[in-house]
Amino acid sequence: IFRRRWLDACVDAHSMLKLDLTGRNIVGFDPADDGEDKSATADKIGGVFTDAEDWSSGKDELVQNAKKVWAKAKNLNATVSYDTIGVGAFVGGYVDEQNQSAGAKVQHFAFHAGGAVMDGDKPSDPQNSKSPLNKDEYLNLKAQAWANTARRAMLTFNAVTRGQPIKPEDVLSFSSEMGKEKLDALFTELCVPWWVESEGKKRVVPKAKLKKDLGVKSHNLADAVIAADNVNFKSSYTLDYVY
């Protein structure tokens with residue numbers, strides 16, 4: 001889905017292209033509740049990914065993890081975009097509880113990865129009106145979101161390395177201040193999954209197959225990035241993402 005050279009070109013891409021990016025501050029959150037799977041966050045501040053981290057926790061620490069992410073979002077004046085699959089279904093409630101007890105207004109967005117695609121009747125490639133419709137191309141929102149972020153990585157690569165024009169809202173940029181080790185871990189995770197076909201549509205390879213075929217337990221950092229990068233899909237349960 002992603003090519004490593006695309007992502008390498010995204011490091012400080014906004015500076016390389018001399019573009020000022022804007023947008024709602026987002027903390028992407030991929031929650032977990034056992035020792036094998038890790039929780040992860042990715043911070044997208046002013047249109048640029050500035051940090052990402054993952055950590056192990058026990059089955060009884062979901063509330064503590066949600067509180068940690070709430071505190072981070074409050075400090076960054078950010079919205080929490082969280083994966084609702086499994087234990088993530090309760091994150092929004094925990095954020096609301098913290099808001100109530102602290103008199104805060106941290107907003108949250110339920111990124112329902114297994115849900116229906118957004119803009120189902122629109123072309124899957126915004127630059128190609130003859131491309132398949134979203135509802136015919138992607139099995140679910142997760143597939144559509146991974147494709148959306150990968151498309152932006154490709155467009156950014158073409159802009160940085162080939163001088164092709166790009167809209168500010170299409171730029172995918174990761175701050176070099178994250179550090180080489182962290183960027184390498186993040187980019188490696190993004191490059192692991194591939195497309196599989198399900199019901200004649202694109203689907204991100206299931207994590208169970210990743211673990212069986214490659215021994216990869218999960219790509220939590222990558223999922224946090226995808227959750228943070230795709231709050232712009234509009235539905236009855238999304239926040240509008242304004243560039």
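Which helix gives the most to the lining of the second largest pocket? The answer is α9, with 4 residues.

## The model

This is a predicted model: local features need pLDDT of at least 70, side-chain atom pairs count only at pLDDT 80 or more, and totals for chains, interfaces and linings use all residues. Residues are numbered from 1 along each chain as its sequence is written, and side-chain values use heavy atoms, without hydrogens and water.

## The second largest pocket

The volume of this pocket is about 440 Å³. A pocket is an open set of points on a 1 Å grid where a 1.4 Å probe fits, with protein on both sides within 12 Å along at least five of seven lines. Volume is the space filled by probe spheres set on the points.

The lining counts 25 residues (each with an atom within 4 Å of a point). D83, I85, K142, K207 and D223 lie nearest the centre. At least two lining residues come from each of α6 (141-162), β7 (201-204) and α9 (220-229). Helices (H or I, at least four residues) and strands (E, at least two) are DSSP runs. By class, the lining has 13 nonpolar, 3 polar and 9 charged residues. Asp, Glu, Lys and Arg count as charged; Ala, Val, Leu, Ile, Met, Phe, Trp, Tyr, Cys and Pro as nonpolar; the others as polar.

## Where α3 meets α4

The axes (lines fitted to C-alpha atoms over the stretch in contact) of α3 (residues 62-76) and α4 (residues 91-102) come within 9 Å. They cross at roughly 60 degrees, so the two helices are oblique to each other.

In α3, L62, V63, A66, K67 and W70 meet Y94, V95, Q98, N99 and A102 of α4 (heavy atoms within 4.5 Å). This contact has 7 nonpolar, 2 polar and 1 charged residues.

Definitions and conventions: Axes fitted to C-alpha atoms, helices over the stretch in contact; angles between N-to-C directions. Parallel < 35°, antiparallel > 145°, perpendicular 65-115°, else oblique.
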